[in-house]
Amino acid sequence: MSNLLLIAIVIVLGAVGYVLGRKRALNTAGGNIRDLHSLPVYYGANTAMTAVVPAMGLLLVWLLVQPMVVNNAVSGMISDATIAEAGSRDLVMSDVRRVADGLDLAVANGAMSGAEASNLDPSTSDVRGILAAVGVALGSDVSSETLDAAQRYRGMSGTGSIWKAVVVIAASVAGLGIAYMQSHKDFRARNIVERGVLALLIFAASIAILTTLGIILSLVFSTVEFFRLYAASDFFFGLRWNPSFSGRGGGSELGILPLLWGTLYISFVALIVAVPLGLFAAIYLSEYASNRFRSIAKPLLEVLAGIPTIVYGLFALLTVGPLLVDVFGSGGLLGVDWMAGGTAVMTAGLVMGIMLIPFVSSLSDDIINAVPQSMRDGSYGLGATKSETVRQVILPAALPGIVGAILLAASRAIGETMIVVLGAGAAARLSMNPFDAMTTVTAKIVSQLTGDSDFASPEALVAFALGISLFIITLGLNVFALYIVRKYREQYD
Amino acid sequence: MTDATVTPTPAPRTKGKSLMSEDARTKKRNAAEKRFRAYGLGAITVGLLFLVSLLWAIVQNGTPAFTQTFVTLDVALLEEKLDKTGNRDIDEIKKVSTFGYNPLIAEALVTATADIETEVTDKDLKKILSASAAALLRDQVIANPDLIGETVEFRLLASSRVDGYLKGRVTREDLARDKNLDAAHLDLIDVMVEQGSVERVFNWDFILGADASESRPEAAGIGVSMLGSFFMMLVVLFLALPIGVAASIYLEEFAPQNRFTDLIEVNISNLAAVPSIVFGILGLAAFIQFAHLPQSAPIVGGLTLTLMTLPTIVISTRASLKAVPPSIRDAALGVGASKMQSVFHHVLPLAMPGILTGTIIGLAQALGETAPLLLIGMVGFIASNYPDGVASGFLDPNSAMPAQIYEWAKRADPAFYERAWGGIIILLLFLMTMNIIAILLRRKFERRW
């Protein structure tokens with residue numbers, strides 16, 4: 001019985017429960033709503049809730065646990081010789097699963113009967129051919145051991161899903177029955193339902209924690225796996241990034257330093273562009289601009305923040321890069337030969353800087369506006385000009401906040417992906433020349449995980465180690481920035 | 001009275017020091033003031049110039065993608081080639097592959113250019129047409145078998161080089177080392193343009209069509225990946241909105257001040273700042289490797305983007321819940337509503353416009369996001385099939401608009417760049433519409449208490 005059908009049955013039971021519960025409560029009150037403890041809806045909702053929620057929870061747990069149990073039981077059947085031949089237990093198991101799924105599919109399509117599928121003999125019939133006919137491609141012929149395991153797998157899964165259906169429906173019916181019996185005019189249905197809704201709200205709020213946990217778990221497990229295959233000291237202190245392309249591992253040099261250097265260099269260029277422009281724009285908008293000008297210029301600048309990064313990436317690759325080559329490349333306007341190709345630190349940094357202008361300017365704008373007017377008035381009263389007030393009174397007062405804003409912008413720049421994937425190049429090198437192509441942590445995460453390499457090889461796993469480094473760096477910057485901003489805010493409250 | 005009539009004695013003049021004339025120091029200070037102001041204005045101007053040049057680059061490079069060059073040809077659909085038995089049996093006709101149609105097209109080209117003097121050999125004439133021309137012809141014949149035996153006028157896609165020539169992207173110099181087209185072809189095209197058999201028309205196939213293989217940029221469209229994005233946004237909307245609103249209601253209205261609440265708050269503010277690529281890694285590890293959901297499927301993209309958008313929605317929802325004055329809650333509680341009733345019957349409806357605005361902005365952000373989609377496999381293949389139904393729309397591999405743009409930007413043929421820019425125009429139009437709706441919603445329903 002498919003899961004969808006099961007869910008549908010449970011929901012129908014819930015709907016039935018709603019009607020029954022409501023009716024029973026009304027009957028006990030003799031049809032007089034005023035004698036009920038809660039509104040009739042709550043009795044219905046209570047019955048529906050008790051019928052659906054435990055059953056669904058059970059289904060979810062079953063779906064998570066059953067594959068584990070079956071996998072463990074089946075993988076015990078496979079001999080060490082088969083595993084040694086195939087390379088790893090996972091590979092054999094995935095073959096087993098494919099065969100089992102393929103047989104199920106063949107039965108569902110009517111290519112063979114259920115009994116035929118259960119009694120297949122690999123020595124007499126061509127299992128691979130049969131499965132290929134229903135669209136399941138196998139890498140090699142099916143050995144009798146694999147087929148036995150697959151049959152066992154099918155058997156256990158089949159029994160499991162029958163039991164699953166029975167248990168889930170029983171839970172639903174039991175819940176319905178209990179809640180139906182409870183529905184009485186003095187039953188405090190509203191309180192129960194509201195407690196249920198509150199639990200739902202709490203669950204929704206905890207998804208944030210689950211997400212963080214998911215991020216950390218998914219990063220940590222694979223990173224530990226990576227460090228088992230590749231020395232941690234070589235990763236953190238290696239000066240060369242040179243993964244082998246064979247996909248089978250071996251001979252790769254996976255040092256993070258060149259990537260980190262590229263990341264920091266590009267972010268530095270981006271901040272050089274974004275910080276002065278953003279800060280001056282914020283000062284002008286908050287101290288000098290008329291209301292009219294401000295109401296036009298500020299949203300226009302913020303359009304820059306709403307443009308997706310893929311657009312900036314394309315802009316870097318196809319417009320800014322060639323333009324920079326025309327100026328700094330060989331035979332360019334300046335007559336210098338600094339730049340060989342369009343993708344370079346400068347290209348990515350410049351475009352990323354443009355993207356960050358509104359980020360810096362709106363954050364600084366808020367901070368400058370938070371400086372109390374009395375401080376400005378005091379400064380003007382002493383005869384200072386506006387610019388002197390800004391430089392000597394407002395900026396020092398707003399400095400911690402502005403530093404916080406710059407740190408947030410830096411964290412954004414370090415985590416930025418599309419601009420560097422398209423604009424910065426693919427070669428990892430430790431160079432000082434801003435017109436060289438370099439690469440970053442994020443760009444390499446993309447290239448290592450989108451390639452053809454096997455997910456168990458160090459070349460793919462390194463992406464998780466890079467990911468966790470990136471996560472820690474940006475998280476650290478954010479926490480530090482928030483700490484500074486928070487400390488600053490306390491001064492005027 | 002007397003004091004007023006006394007003419008004041010003029011202030012004693014100190015030599016050369018009038019208040020009206022600036023001394024050197026004042027001049028310096030005022031100049032510094034002017035400079036400072038100019039820097040500020042300059043910074044804004046530079047920022048706006050960047051915006052203008054970005055938009056200019058997009059419009060300039062992207063608009064050609066919306067027109068496409070077609071060649072109008074009279075093709076004789078010979079019965080002996082397409083339907084040897086002559087009984088118009090559809091299965092028989094389907095057996096003729098595109099190879100069977102190529103000679104017909106070649107013949108038609110020779111006829112069409114018969115009265116034009118050209119150096120192009122008859123064999124090379126087909127280079128002005130797209131490689132998909134035969135497939136198009138076959139599809140039309142299969143759809144309407146009665147055409148067989150007649151000479152029918154077809155409008156066939158020109159090759160991307162010809163298209164580029166009409167758009168000014170390809171010049172005769174470029175073709176010197178190009179084996180796909182010769183300068184002689186272009187002379188031929190010039191004549192055919194004058195005759196009216198080659199023309200550029202609006203390209204609906206770009207907006208509605210499917211992606212094409214690397215060698216046929218002229219046939220590539222963004223329609224299928226638009227559907228992919230649409231299904232992803234459905235997932236995001238139906239997961240992120242309820243979960244985000246529920247989480248915000250809990251945090252804003254019910255949460256007690258304790259460690260658990262603090263933990264949630266810290267998590268939400270940190271998640272808002274986590275780089276999007278990290279969410280891609282999460283999606284890959286959790287949804288594809290752990291939960292075994294199909295790779296490249298919009299549902300996986302939607303789930304990943306949901307997790308990424310949640311913090312945005314929670315933050316804006318909390319702000320709009322906070323904006324509802326406490327008197328509303330007090331009044332509801334005062335007439336006997338429970339806490340839950342006061343929130344769901346009174347606070348939430350009043351906060352709804354703000355929540356919707358925040359949701360639309362969160363959706364717009366999710367629509368333009370690319371990096372997580374790269375990791376869950378929405379690139380590297382050709383999104384050439386429309387999903388055939390709602391379930392397949394969620395579960396079958398597809399691309400998404402930003403991923404499709406990235407895919408085109410990565411391809412070697414510059415003809416794809418034009419597609420990428422064109423795709424950006426469409427993407428930005430969507431984003432603009434969503435943001436305008438959000439602004440209008442805010443204007444219309446914003447309430448000051």
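In this predicted model, helix α5 (residues 98–112) of chain B and helix α6 (residues 133–143) of chain B bring their axes within 9 Å of each other and cross at roughly 105 degrees. Since angles from 65 to 115 degrees count as roughly perpendicular, that is the label α5(B) and α6(B) therefore get. On the α5(B) side the contact is made by B:Thr98, B:Tyr101, B:Asn102 and B:Ile105, and on the α6(B) side by B:Ala133, B:Ala134, B:Ala135, B:Leu137 and B:Arg138. By class, this contact of α5(B) with α6(B) splits into six nonpolar residues, two polar and one charged.

Two more helix pairs are worth a look, one in each chain. As background, two packed helices are described by the angle between their axes and the distance between the axes.

| Helix pair | Axes come within | Crossing angle |
|---|---|---|
| α5(B) and α6(B) | 9 Å | roughly 105 degrees |
| α2(A) and α8(A) | 8 Å | roughly 50 degrees |
| α10(B) and α13(B) | 6 Å | roughly 35 degrees |

Take the chain A pair next. Helix α2 of chain A covers residues 40–75 and helix α8 of chain A covers residues 189–229. With a crossing angle of roughly 50 degrees, α2(A) and α8(A) are therefore oblique to each other. α2(A) passes α8(A) in a left-handed crossing. From α2(A), the residues making the contact are A:Tyr42, A:Tyr43, A:Ala45, A:Asn46 and A:Met49, while α8(A) supplies A:Ala189, A:Arg190, A:Ile192, A:Val193 and A:Gly196. Sorted by class, the contact of α2(A) with α8(A) has seven nonpolar residues, two polar and one charged.

Over in chain B, helix α10 (residues 223–254) pairs with α13(B). The crossing of α10(B) and α13(B) is right-handed. Their contact holds 20 nonpolar, eight polar and three charged residues.

B:Ser296 is in the loop between α12 (276–290) and α13 (298–322) of chain B, and its phi is near 65 degrees, a positive value in a residue other than glycine. Is B:Ser296 buried or exposed? B:Ser296 has 22 other C-beta atoms within 10 Å and so is buried, the cut-off for that label being 20 or more.

B:Ala158 is located in the loop between β2 (151–157) and α7 (160–166) of chain B. Which residues does B:Ala158 touch, not counting residues up to four places away in sequence? The list is B:Thr69, B:Phe70, B:Val71, B:Ile128, B:Leu129, B:Ser130, B:Asp163, B:Val198 and B:Glu218. B:Glu199 is 41 residues from B:Ala158 in sequence, and their C-alpha atoms are 9.4 Å apart.

Now for the two chains together. The contact between them takes 63 residues from chain A and 64 residues from chain B. On the side of chain B that touches chain A, the largest share, 17 residues, comes from helix α2 (residues 24–62) of chain B. That side of chain B divides into 50 nonpolar, 10 polar and four charged residues.

As for nonpolar cores, the largest has 190 residues, and A:Leu314, A:Val351, A:Val360 and A:Ala409 touch the most other members. Helix α10 (residues 257–288) of chain A gives the largest share of this core, 19 residues. Apart from this core there is another, of 32 residues, including B:Leu109, B:Leu129, B:Val170 and B:Met192. Back to A:Leu314: leaving aside neighbours within four places in sequence, A:Leu314 is in contact with A:Leu422, B:Ile405, B:Ala409, B:Ala420, B:Trp421 and B:Ile424.

Finally, two residues of chain A that are not buried. A:Gly31 is in the loop between α1 (3–28) and α2 of chain A, and with 8 other C-beta atoms within 10 Å, A:Gly31 is exposed. A:Ile473, in helix α18 (residues 458–489) of chain A, has 19 C-beta neighbours inside 10 Å and so counts as partly exposed. From A:Ile473 to A:Ala45 the C-alpha distance is 48 Å, at a separation of 428 residues in sequence.

Terms used: Residues numbered from 1 in each chain as written. Chains lettered and ligands numbered in written order. Predicted model: local features only at pLDDT ≥ 70, side-chain atom pairs only at ≥ 80, totals over all residues. Contact = placed C-beta atoms within 7 Å. Helix = DSSP H or I, 4+ residues; strand = E, 2+ residues; numbered from the N terminus. Nonpolar A, V, L, I, M, F, W, Y, C, P; charged D, E, K, R; others polar. Core = buried A, V, L, I, M, F, W, Y, C linked by C-beta atoms within 7 Å. Buried ≥ 20, exposed ≤ 12 C-beta atoms within 10 Å, placed from the backbone. Axes fitted to C-alpha atoms, helices over the stretch in contact; angles between N-to-C directions. Parallel < 35°, antiparallel > 145°, perpendicular 65-115°, else oblique. Left-handed = near helix turned anticlockwise from the far one by under 90°.
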